[in-house]
Amino acid sequence: SSSSSSSSSSSSSSMSDAEVQAAREKLKARFGAGVSRVGGKGGIRRKKKVTHKSAAQDDKKLQSSLRRMGVNPVNAVSEVLMLMEDDTAMVFNQGVRMQANLSANTYIVSGTHTVKPLSEVNTGSLGMDQAQLAQLQAMMAQHQAMQKAKEESGEAANDDDDVPDLVENFEEVSESS
């Protein structure tokens, strides 16, 4: 009799293959096999919300920062040429947008740029001929030489040469008069 009761209890507690398959399908539907979802019943809680920034959000943040700086757009700028110390030039000539705050001596240039050697820069569009460009290059070289000489002699650290050194005790002089 014990063998018949154990066989009857095992058959009632065990599920058929069709029931097991149905339960598996139900779990897949509930937890989404491979599909991630946020929220809802049975979902895992995330520790933090992941936000994806778009380029538009970055641009809005940049524009609000520029507004706080007090820059105003400068119109009718078709090309910007920045001369660099290594005898190259950064040329902004496509979609140039320039903003400036003249009182703070702040200029913002945005757009696509290319870095070219000075020999390849089209100076005709800048209103400069070759003689003026050579003069500008000579001035830049002279400035660089002065900076190097200043660094070597140590004058860069001691810029107060025009102020005389205090030799006598000024308090005694003020009390005697």
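## Strand pairing around S3

Two strands pair if DSSP finds at least two bridges between them. By that rule, S2 and S3 are antiparallel partners, with four bridges between them. One spot to look at in this predicted model is Val80, which stands opposite Phe92 in S3. The S2-S3 hairpin has four residues between its strands, and Asp87 there takes a positive phi near 60°.

S1 pairs with S3 in the antiparallel sense over three bridges, and Asn72 has Ala100 in S3 as its bridge partner. On to S4 (residues 106-117), which runs antiparallel to S3 over 11 bridges. Two of the residue pairs to trace here are Met90 with Val115 in S4 and Val91 with Thr114 in S4.

## The chain as a whole

Stepping back, the protein chain has five helices and four strands. Read along the sequence, they come in the order α-α-α-β-β-β-β-α-α. Of the chain's 177 residues, 11% count as buried. The accessible surface comes to about 15000 Å², with 53% of that belonging to carbon and sulfur atoms. Among contacts with a separation of 6 or more, 43% are between residues 24 or more positions apart.

How far to trust it? The average pLDDT of the protein chain is 76, and 70% of the residues score at least 70. Residues 1-12 have a pLDDT below 50, and beyond near neighbours in sequence this stretch has zero contacts in the model. Where pLDDT is low, the predicted coordinates should not be read in detail.

Leaving out residues up to four places away in sequence, Met98 touches Asn72, Pro73, Val74, Val77, Val80, Tyr107, Ile108 and Val109.

Gln99 is found in strand S3. Is Gln99 buried or exposed? Its relative accessible area is 9%, under the 20% cut-off, so Gln99 counts as buried. Setting aside neighbours within four places in sequence, Gln99 is in contact with Gln63, Leu66, Val71, Asn72, Pro73, Val74, Thr106, Tyr107 and Ile108.

Gln63 picks up the story from the helix side, with its place in helix H3 (residues 55-69). Gln63 is buried too, at a relative accessible area of 18%. Apart from residues up to four places away in sequence, Gln63 touches Arg97 and Gln99.

Gln94 also lies in strand S3. With a relative accessible area of 55%, over the 50% mark, Gln94 is classed as exposed. Leaving aside neighbours within four places in sequence, Gln94 is in contact with Gly111 and Thr112. Gln94 and Val80 are 14 residues apart in sequence, and their C-alpha atoms are 9.7 Å apart in space.

## Helix H3 and its end

H3 has 15 residues and reaches 21 Å from its first C-alpha to its last, close to the 21 Å expected at 1.5 Å a residue. Just after H3 comes Gly70, with a positive phi of about 80°.

## Positive phi in the loops

Ala76 is exposed, with a relative accessible area of 85%.

Asn105 sits in the loop between S3 and S4. Though not a glycine, Asn105 has a positive phi of about 55°. The S3-S4 hairpin that holds Asn105 has four residues between the strands. Asn105 is exposed, with a relative accessible area of 58%.

Definitions and conventions: Residues are numbered from 1 along each chain as its sequence is written. This is a predicted model: local features need pLDDT of at least 70, side-chain atom pairs count only at pLDDT 80 or more; totals for chains, interfaces and linings use all residues. Side-chain values use heavy atoms; hydrogens and water are left out. Contact means heavy atoms within 4.5 Å. Buried means under 20% relative accessible area, exposed over 50%, partly exposed in between (1.4 Å probe, protein chains only). The expected span of a helix is 1.5 Å times one less than its number of residues. Accessible areas come from the Shrake-Rupley method with a 1.4 Å probe; for residues, only the protein chains shown count as cover. pLDDT is the predictor's confidence in each residue, from 0 to 100.
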